[in-house]
Amino acid sequence: MKLEDFDFDLPEGLIATRPARPRTAAKLLLAEGDRIRDLHVADLVDLFRPGDRLVLNNTKVIPARLSGTRTRMTGQGEVTAKVEITLLEPQASGEWTALAKPLRKLKEGETIRFSDALSAEVRAIEAAQLRLAFNLSGPDFDAALAAAGAMPLPPYIAALRAPDEADKTDYQTVFARHSGAVAAPTASLHFTMPLLEAIHAKGVAFTEVTLHVGAGTFLPVKVEDVETHKMHSEWGEVTAAAAAEINATRAAGGRIIPVGTTALRLIESAAAGDGTMRPFRGTTEIFIYPGYRFRVTDALMTNFHLPKSTLLMLVSALMGQDRIRAIYDHAVKSGYRFFSYGDASLLIPERRKSA
């Protein structure tokens with residue numbers, strides 16, 4: 001498989017820079033077998049069946065984008081320069097890995113100040129990243145970060161506008177619980193509590209898992225031979241209770257439907273070869289592309305993805321490459337909005353590709 005096999009033309013005007021309001025007003029493309037229907041997210045209550053189980057990623061996005069200054073003494077006196085930081089992930093040491101702009105002008109040992117309360121020392125500069133040690137930890141750090149930070153909008157949105165206060169709500173799911181993501185599980189952004197309650201009242205169950213989405217989710221695939229691409233690593237957890245719920249639903253004949261590619265990647269990482277779900281806690285680098293045999297996933301709710309991206313490869317694995325080309329061609333021609341703040345799809349293959 002070549003990278004060009006996953007390319008398509010996308011007009012810039014279809015890149016969503018704000019979510020639909022209300023969230024449930026977003027368009028929903030239902031692809032079931034060889035059929036396509038144009039609906040809205042609010043119609044989901046009529047599409048799921050009693051006995052289905054939705055798998056939700058309850059990660060919480062942190063305001064990981066920080067604007068700060070560093071001060072340095074020079075021959076001309078004290079010089080202050082602006083620094084833009086995007087946090088990536090915490091380390092066992094308590095330090096954070098981060099991206100910096102401009103990275104080349106930073107030095108180990110100097111301090112970056114983000115607010116009166118929050119600052120960080122540059123502990124190390126490694127390749128394209130740096131390690132930061134903040135002056136606060138625990139709840140004090142969380143509070144200072146919430147005050148000083150901005151939501152880390154994806155590059156394709158940040159290139160069109162700056163983050164603002166609305167993003168602190170818009171770029172967070174209504175069931176976000178566990179802080180640690182620097183990107184949202186965007187298919188889940190379409191849900192409201194009333195919609196979840198209506199779906200539950202129909203006899204659909206929910207299972208929560210946690211995958212802290214990293215900035216690596218936006219990294220482009222640079223190799224021509226897709227199968228040689230190395231995936232980024234992300235931390236996730238499927239509890240024993242969550243695994244038991246999924247196993248019980250499968251045993252009863254219900255469908256397992258992850259909401260978002262992050263939830264799908266996590267449950268596929270945790271599943272045994274026969275589809276039995278096991279508790280899981282750790283990192284996953286699973287790369288799903290055509291030829292992958294799904295272990296536990298029966299269908300997927302997801303947004304529309306970037307050309308040449310690993311996420312487009314994932315949905316191609318689920319539905320088939322030709323089928324996804326037809327679905328995306330329909331979405332473009334019909335004016336569906338793409339990417340994180342865009343519209344949604346519910347992808348139901350003809351039959352589960354079981355192991």
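Biologist: Which residue forms a salt bridge with Asp 322?
Modeller: This is a predicted model, and in it the closest N and O atoms of the pair are 2.6 Å apart. Both partners lie in helix 9, 3 residues apart, about one turn of the helix. An α-helix has 3.6 residues a turn, so residues three or four places apart point the same way. The partner of Asp 322 is Arg 325.

Biologist: Is Asp 322 buried or exposed?
Modeller: The cut-off for exposed is over 50% relative accessible area. Asp 322 has 61% relative accessibility, so Asp 322 counts as exposed.

Biologist: And what is the relative accessibility of Arg 325?
Modeller: Arg 325 counts as partly exposed, a class that runs between the cut-offs of 20% and 50%. The value for Arg 325 is 40%.

Biologist: How far apart are the end C-alpha atoms of helix 9?
Modeller: Helix 9 has 13 residues, 321–333. At 1.5 Å a residue, they should span 18 Å. The model agrees with this, as the end C-alpha atoms are 18 Å apart.

Biologist: Which residues of helix 9 are buried, and what arc do they cover?
Modeller: The buried residues of helix 9 are Arg 323, Ile 324, Ile 327, Tyr 328 and Ala 331. Their directions from the axis put them on the same side of helix 9, because the arc they cover is only 130 degrees.

Biologist: Which residues are exposed on the other side of helix 9?
Modeller: One of them is already known from its salt bridge with Arg 325, namely Asp 322. On the other side of helix 9, the exposed residues are Asp 322 and Lys 333.

Biologist: What do the buried residues of helix 9 pack against?
Modeller: One of the partners is a helix, helix 8 (310–319). The others named are strands: strand 1 (27–32), strand 2 (35–40), strand 16 (300–303) and strand 17 (344–348).

Biologist: How many residues of helix 8 are buried?
Modeller: The buried residues run from Thr 310 to Met 319, and include Leu 314 and Ser 316. What covers them includes strand 1, helix 7 (261–270), strand 16, helix 9 and strand 17. Helix 8 is largely enclosed by the rest of the structure, because the number buried is 10 of the 10.

Biologist: Where do Phe 304 and Phe 338 lie, and what is the angle between their planes?
Modeller: A search of the whole structure finds 14 aromatic pairs. Phe 304 and Phe 338 form a tilted pair, 5.2 Å centre to centre. Phe 304 is in the loop between strand 16 and helix 8, and Phe 338 is in the loop between helix 9 and strand 17, 34 residues apart. Both are buried, and the angle between their planes is 40 degrees.

Biologist: Which residues do ring pairs link into a cluster?
Modeller: Phe 304 and Phe 338, the tilted pair, belong to the cluster. Tyr 328, a buried residue of helix 9, is also in it. The whole cluster is Phe 8, Tyr 156, Phe 304, Tyr 328, Tyr 336, Phe 338 and Phe 339.

Biologist: Which residue forms a salt bridge with Arg 281?
Modeller: The structure holds 19 salt bridges. In this one the closest N and O atoms are 3.1 Å apart. The pair links distant parts of the chain, with Arg 281 in strand 15 (residues 280–284) and its partner in strand 13 (residues 234–238), 44 residues apart. The partner of Arg 281 is Glu 237.

Biologist: What is the relative accessible area of Leu 130?
Modeller: Leu 130 is in strand 10 (residues 129–134). Beyond its neighbours within four places in sequence, Leu 130 is in contact with residues including Ile 85, Trp 96, Leu 103 and Val 122. Leu 130 is buried, and its relative accessible area is 0%.

Biologist: What distance separates the centres of domain 1 and domain 2?
Modeller: The domain assignment gives domain 1 as 3–61 + 168–348 and domain 2 as 65–149. Taken over C-alpha atoms, the centres are separated by 33 Å.

Note on methods
Residues are numbered from 1 along each chain as its sequence is written. This is a predicted model: local features need pLDDT of at least 70, side-chain atom pairs count only at pLDDT 80 or more; totals for chains, interfaces and linings use all residues. Side-chain values use heavy atoms; hydrogens and water are left out. Helices (H or I, at least four residues) and strands (E, at least two) are DSSP runs, numbered from the N terminus. The expected span of a helix is 1.5 Å times one less than its number of residues. Buried means under 20% relative accessible area, exposed over 50%, partly exposed in between (1.4 Å probe, protein chains only). The arc is that of the directions from the helix axis to the C-beta atoms. Contact means heavy atoms within 4.5 Å. Domain bounds come from an automatic or database domain assignment. A salt bridge is a side-chain nitrogen of Lys or Arg within 4 Å of a carboxyl oxygen of Asp or Glu. Rings of Phe, Tyr and Trp (its six-membered ring) pair if their centres lie within 6.5 Å; planes under 30 degrees apart count as stacked, over 60 as edge-to-face and the rest as tilted.
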